Amino acid sequence: MKFFRRYISFIFLCTCFLRLNAQPGAAAAYVKISGEVTKPLTLSATDLANMKHTTVNIKGRDGKEHSYSGVPLQVLLELAGVTTGSELRGENLSKYLLVKCADGYEVVFSLAEIDNSFTDRIIVLADAYENKPIVAEKGPFQLAVPDEKKPARSCFQVTELIIKYAKD
């Protein structure tokens, strides 16, 4: 019994130590998809790694082309039951995606900007940069948005994708 109490105390102290020494603002190793969805999801880095990847090139802040590999955003939204394709009309066109990042940064996309029935552009939730895992300061997930003049919506440390109505 004494050993068991010491073991529990040791586990408790280790847990407290890990919490106290956690990096503030560090990105979680998962991304949530919530809001106006039929199936809210929480996807881990492993879940995303096991999905089919697409590679896109975007112009970085340095003015050079960079390669990102990840899962197309539309695929992830379809998994969560977001309105896409032929259903994306009328009132549904007022829905948008709010992307939240670990550092508080947020960006917005209309669903039509993501849907392949409206655009040929493929936006990916990337887990690889230049064929290597994304570094901790910018990952584990980064949104890669090709064909934009500024890379402002290609955000780092993505933690949540929320579907909302503009009228909310």
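In which sense do β5 and β10 pair, and over how many bridges? They pair in the antiparallel sense, over 7 bridges. The close-ups below come from a predicted model, in which local features need pLDDT of at least 70, side-chain atom pairs count only at pLDDT 80 or more, and totals for chains, interfaces and linings use all residues. Residues are numbered from 1 along each chain as its sequence is written, and side-chain values use heavy atoms, with hydrogens and water left out.

**View 1. Five strands make an open sheet.** The order is β2-β1-β10-β5-β6, and the pairing is mixed. The edges are β2 (41-44) and β6 (106-110), each of which pairs on one side only. From one strand to the next, the twist averages 15 degrees. Axes here are lines fitted to C-alpha atoms, for helices over the stretch in contact, with angles from 0 to 180 degrees between N-to-C directions. Strands (E, at least two residues) and helices (H or I, at least four) are DSSP runs, numbered from the N terminus. Two strands pair if DSSP finds at least two bridges between them.

**View 2. Glutamate 160 of β10 has partners in two strands.** Strand β1 (residues 30-35) runs parallel to β10 (residues 158-165), with 4 bridges. Here lysine 32 stands opposite glutamate 160. In the pairing of β5 with β10, which is antiparallel, lysine 100 has glutamate 160 as its bridge partner.

View 3. Of the 7 residues in β5 (residues 95-101), 5 are buried. Buried means under 20% relative accessible area, exposed means over 50%, and partly exposed lies in between (1.4 Å probe, protein chains only). β5 and β6 run antiparallel and share 5 bridges.

**View 4. Glutamine 74 sits in helix α3 (residues 73-79).** Its relative accessible area is 10%, so glutamine 74 is buried. Its side chain makes a polar contact of 2.9 Å with that of glutamate 78. A polar contact is a pair of N or O atoms within 3.5 Å; within protein, one must be able to donate a hydrogen and the other to accept it, and residues adjacent in sequence count only if both atoms are side-chain atoms. Beyond its neighbours within four places in sequence, glutamine 74 is in contact with Thr84, Ile114, Asp115 and Asn116. Contact means heavy atoms within 4.5 Å.

**View 5. Tyrosine 68 and tyrosine 129 form a tilted aromatic pair.** The count of such pairs comes to 1. The rings lie 5.0 Å apart, centre to centre, with 50 degrees between their planes. Tyrosine 68 is in β4 (residues 65-72) and tyrosine 129 in β7 (residues 124-129), so the pair ties together parts 61 residues apart in sequence. Rings of Phe, Tyr and Trp (its six-membered ring) pair if their centres lie within 6.5 Å; planes under 30 degrees apart are stacked, over 60 edge-to-face, and the rest tilted. Tyrosine 68 is buried at 8% relative accessibility, whereas tyrosine 129 is partly exposed at 31%.

**View 6. Cysteine 101 and cysteine 155 are in no disulfide.** The whole structure has 0 disulfides, by a search for cysteine sulfur atoms within 2.5 Å of each other. For cysteine 101, the nearest cysteine sulfur is that of cysteine 155, 3.6 Å away. Cysteine 101 is buried, at 7% relative accessible area. Cysteine 155 also counts as buried, at 2%.
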